[in-house]
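Okay, thanks everyone for coming. I've got one structure to walk you through today, so let's get it up on the screen.

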Amino acid sequence: MKFTLSWLKDHLETEATLDEILEALTDLGLEVEEVVDPSARLGAFTVGEVLHAEPHPDADRLRVCRVLTAAGEKQVVCGAPNARTGIKVVVAQPGDYIPGIDTTIQVGKIRGVESHGMMLSEREMEISDEHDGIIELGADAVVGARYVDYAGKTDPVIEIAITPNRPDALGVHGIARDLAARGLGTLRPVPEVSVPGTFDSPIKVTLDASVRDRACPLFLGRTIRGVRNGPSPAWLQDRLRAIGLRPISALVDITNYMTHDLNRPLHVFDADKVEGDLLVRTAIAGETLEALDDKTYTFDGTETVIADASGVESIGGVIGGAPTGCTGETVNVFLEGAYFDPVLTAQTGRKLRIASDARYRFERGIDPEFTPRGIEIATQMILELCGGEASAVVTAGAMPQTARFYPLDSGRVSSLVGMNIAEHEQIRILTALGFGVAKEHGGIEVWVPSWRPDVQGSADLVEEIARVASLSRLESRPMGRAPGVAKPILTPMQTREGTVRRTLAGLGLNECVTYSFIDRAAAELFGGGAQATALANPISTEMSHMRPDLLPALLRAAARNQARGFADLGLFEVGPAWTGGEPDDQLRLAAGLRVGHSGPRDPFGARRAHDVYDARADAETALAAIGAPDRLTVTATAPGWFHPGRSGVLGLGPKTPLAAFGELHPAVLRALDVQGPAVAFSLFLDNVPMPRKAQASRPPLRVSDYQAVERDFAFVVDADTPADAILRAAKGADKQLIDAVSVFDVFAGEKAEAQMGAGKKSVAIAVRLQPTGGTLTDKQIEAVADKVVAQVKKATGGTLRG
Amino acid sequence: MDGLAELKQKWTDAIEAAADEAALEEVRVAALGKKGEVSLKMRALGAMSPEERQNAGPALNALKTELTDAVLARRAVLAEAALTARLQAERVDVTLPPRPRTEGSVHPVSQVTDEVIAIFADLGYAVAEGPQVETDWYNFDALNIPPEHPARQEHDTFFMHREPGDNRPPHVLRTHTSPVQIRYMEEHGVPCRIIAPGRVYRADYDQTHTPMFHQVEGLCIGDDVSMANLKWTLEEFFAAFFGREVKTRFRASHFPFTEPSAEVDIQCSWEGGALKIGEGDDWLEVLGSGMVHPKVLAAANVDPERYQGFAFGMGIDRLAMLKYGMPDLRAFFDSDLRWLRHYGFAALDVPRTFA
């Protein structure tokens with residue numbers, strides 16, 4: 001919402017300075033977004049007089065002028081065709097900034113002739129697009145005076161943001177009312193105007209049953225005949241231009257002025273182009289209208305329209321039609337002032353994608369009771385500016401009832417706001433805003449004015465009082481603390497997310513936060529991309545589906561980083577993913593990705609390519625950090641985006657996977673432009689069981705003082721025997737004595753097969769025996785070793801390597 | 001016994017002269033070995049008369065002990081020298097960079113979320129969560145934003161796909177963290193103090209907007225909680241977060257779910273083109289807040305006649321930018337390694353309100 005200071009002062013009698021007004025506006029909730037003070041932008045330019053102009057010696061189109069300026073007589077070279085002796089001009093001195101050409105001018109030589117300044121065109125001052133020549137001021141302009149003072153361009157333009165609850169502030173009068181309530185001056189009342197009709201309007205209006213109850217309960221109009229629709233007067237054009245509107249013709253300018261001045265949108269039909277009477281009704285599906293914005297709209301049958309005998313002529317509360325629009329030739333007009341339902345107007349405007357000043361106001365709710373006065377005021381303006389003769393007003397429908405009251409509990413106001421506002425001050429504020437206040441049976445009743453459709457309860461009254469009383473007066477008041485040591489405030493799952501995050505960062509991975517939506521192709525690669533997870537209105541095809549996993553975005557991030565020259569990297573993310581489109585379909589995941597090598601090349605040969613075991617180690621470390629059980633099953637059942645032979649799932653049995661890990665499938669890497677190798681893991685945090693009960697104490701530590709013994713075994717097994725099977729068998733050979741079993745070598749491949757036979761490999765394990773009752777004898781050790789060999793043979797068919 | 005002094009001198013000199021452990025061993029064997037000179041002399045004691053033996057025995061024993069000690073001492077010296085020589089030889093180029101280790105990092109959004117949680121935990125706030133695909137009832141209606149309210153249009157809402165025939169209103173990606181207010185109060189009732197950090201979504205993408213960003217919601221409901229308490233709470237938060245006292249300015253505003261509503265500015269300075277929080281005469285808008293609307297309490301089955309309280313919502317990404325100086329919101333979600341490493345935090349840098 002834009003207006004100028006002088007415009008505001010039409011409605012507000014005030015001694016307040018601009019700064020005081022701006023501060024009050026923002027404080028009242030009418031946030032000032034911008035103030036353009038033309039005198040600040042153009043204030044440097046002064047009036048000059050061209051004493052003598054002669055052709056430039058070296059350039060046909062340039063003229064060398066002697067100009068009398070505020071700084072004395074100066075030589076100025078000028079290219080304007082109208083630069084001639086005797087005219088008064090606008091002069092910029094060296095060092096002045098010229099907004100229209102974004103340049104600070106200097107003393108310079110133009111084709112060898114010195115120039116000390118510049119004479120300006122309107123475009124160079126950003127007043128208009130006019131650039132055919134320099135501005136010629138009237139002879140009354142005084143040399144040396146500021147141009148803005150001479151031209152009266154000193155009226156600051158104020159732009160404020162209007163929250164959706166304040167339709168009343170969409171007119172300058174409403175803004176003035178707020179400022180007056182704040183104590184910044186006195187509200188000037190809107191004049192009582194009545195223009196009696198001298199004849200009956202030849203155009204009548206009927207409200208169809210389809211709109212009478214809700215869409216358009218009230219429609220007023222009158223014919224004004226014999227008008228001259230020329231340009232509007234300069235004061236009106238200036239005001240409209242100041243707020244960014246283009247002056248069109250007196251009739252149109254008047255309706256625009258009424259819209260911004262009094263928040264009363266109106267429409268004028270060219271009465272000679274209206275066929276028969278007007279009917280306000282719901283549109284018929286398929287009807288069309290060529291509107292004043294030169295676009296043709298087709299209706300679906302829900303819109304409220306104003307139609308004549310030849311069809312739809314206007315969209316109620318949104319935009320008028322071109323065929324019945326006013327032009328320079330218009331002599332008879334029909335003026336419309338109506339009330340259109342906010343919700344239906346909003347629906348129509350949104351569906352047809354029309355953003356008009358009228359729609360903006362009707363959908364927030366204008367003051368229905370002001371409709372008759374609005375018609376009278378507009379009629380008077382039309383008669384004043386265009387001449388003519390007005391008919392009697394035709395009225396269709398009835399005034400919608402808005403009267404309502406709410407109780408005010410003045411003590412509650414102070415309790416909610418936390419600021420003492422005396423009851424009489426609360427009443428004063430509400431009264432100044434136009435509310436009716438009545439003390440009834442010990443309570444206070446507050447009646448809501450017709451221009452405040454947003455006030456729908458006592459709580460809204462509190463807001464009105466608080467904002468006018470000023471929240472800047474609010475003083476902070478401490479709150480109590482619960483006694484004792486604070487209780488933990490995070491849920492176990494929240495703690496778990498934090499632990500996973502910091503564990504993975506500790507493993508050398510960099511945390512990313514990526515968008516929750518990804519492109520469909522990437523989602524499909526990871527088992528997603530279903531319609532249920534699609535956005536109905538994605539911002540781009542790159543962000544069309546809720547992600548099924550965190551890895552696609554991490555892989556895309558890896559590809560971007562590789563393109564920037566980072567070949568080796570480790571990324572992770574902790575965040576949500578979706579299995580469907582319902583609120584319950586959200587998963588908590590953590591995923592990590594390692595691409596390329598363990599690090600840059602180094603003199604120690606430590607660099608190696610990441611492999612599946614790095615991903616498994618990351619996953620296991622993170623799972624251990626959040627207290628997952630330490631005996632997890634490992635199965636080669638990872639989803640299809642992993643390498644089928646180099647991936648696995650860590651879980652509590654087949655139905656409860658806790659993590660998937662592995663090398664990524666080369667096809668996936670290719671699709672996402674990642675240069676391999678790349679290994680990854682996803683942790684399913686929801687599946688990790690919570691510890692049964694928080695028990696701080698641990699089982700007693702049992703350590704043995706007897707020497708532990710380690711024995712190594714190498715088994716020849718079938719090449720597809722999992723190492724885990726050998727380890728489990730060995731461990732189970734003597735549960736008392738065997739403390740730990742680990743693999744320390746695997747010999748597989750062609751050379752191994754050459755030694756041990758086709759389809760064979762060798763797995764070497766170390767078995768650690770920890771006696772508790774006494775030192776082990778050789779015999780005891782032999783006995784255990786035999787059991788290990790026997791168990792492994794039984795479980796895997798493996799034999800001790802010779 | 002004659003010649004013992006010479007003998008001692010001879011072997012002592014030989015021991016001292018031994019250049020390495022092997023030479024020393026040769027000397028030891030020649031003197032004290034089975035057939036060494038001193039050993040032979042001791043063996044000769046048996047052939048002596050008791051009187052002679054009485055003199056010569058202790059003298060020889062003393063000599064043997066002395067020489068043995070001298071050998072041990074010399075051996076220690078030689079071992080020391082050998083070690084020194086070996087260590088000299090083992091010298092490596094310590095200016096060589098070590099085996100590379102990669103430093104991980106925590107994203108600023110996570111770090112700042114943890115900071116916010118730590119500060120509000122100290123004030124007695126629990127952390128609540130809610131789904132990000134949300135029903136339009138929780139995201140709008142329950143928050144006093146009915147279907148045709150203009151505020152709904154200003155939310156730039158993302159809608160989820162709806163199958164033809166499914167006539168429920170489409171779900172939305174939550175446009176704010178406020179739905180968590182309703183879900184929390186429904187489940188846990190009041191009084192309560194919670195914050196709800198998390199992802200929110202708006203269909204907007206330009207220099208200063210991304211279609212996803214992070215908010216933290218605050219909700220405090222009790223018997224007599226007031227806007228003055230809200231101001232205190234926010235000032236305490238900003239002081240702890242920015243590490244200095246920060247003045248706030250409350251400006252009247254409007255949100256459908258609060259009444260009265262206020263936008264809150266914090267004190268700042270733009271002197272020299274650099275933003276400094278907590279000094280200067282300028283104001284920076286950082287959050288929206290207000291007293292929870294009675295209709296919102298009622299929607300969450302809380303009696304608005306009995307309870308009142310405040311709510312606020314602020315941008316976590318924005319807080320991060322203000323505190324740590326990232327210039328561009330879009331970079332938060334771009335996963336550029338250079339950015340992650342520059343603006344990220346160490347794994348063990350866990351925010352807490354005590355030291």
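So, how many residues does helix α9 of chain B have, and how far does the helix reach from its first C-alpha to its last? Keep in mind that this is a predicted model. Helix α9 of chain B covers residues 227-242, which makes 16 residues, and the reach is 22 Å, close to the 22 Å you'd expect at 1.5 Å a residue.

Now look at how α9(B) sits. The helix is mostly covered, with 12 of its 16 residues buried.

What about the ends? At the N-terminal end, Ser226(B) does the capping, with a side-chain oxygen 3.2 Å from the backbone nitrogen of Ala228(B). After the helix comes Gly243(B), with a positive phi near 75 degrees.

The unreviewed UniProt entry has a "binding site" annotation on Asp454(A), Asp460(A), Glu463(A) and Glu464(A).

Buried or exposed, then, for Glu463(A)? Buried, because its relative accessible area is 3%, and the cut-off is under 20%. Glu464(A) counts as buried too, at 1%.

Their contacts are worth a look. Leaving out close sequence neighbours, up to four places away, Glu463(A) touches Asn165(A) plus a set of chain B residues, including His254(B), Glu259(B) and Pro260(B). With those neighbours left out again, Glu464(A) touches Ile429(A), Leu430(A), Leu433(A), Phe435(A) and Arg452(A).

Technical notes
Residues numbered from 1 in each chain as written. Chains lettered and ligands numbered in written order. Predicted model: local features only at pLDDT ≥ 70, side-chain atom pairs only at ≥ 80, totals over all residues. Heavy atoms only, no water. UniProt positions renumbered as here; feature names shortened; annotations may be inferred. Buried < 20%, exposed > 50% of the residue type's maximum accessible area, 1.4 Å probe, protein only. Contact = heavy atoms within 4.5 Å. Helix = DSSP H or I, 4+ residues; strand = E, 2+ residues; numbered from the N terminus. Expected span 1.5 Å × (residues − 1). Polar contact = N/O pair within 3.5 Å; in protein donor to acceptor, adjacent residues only side chain to side chain.
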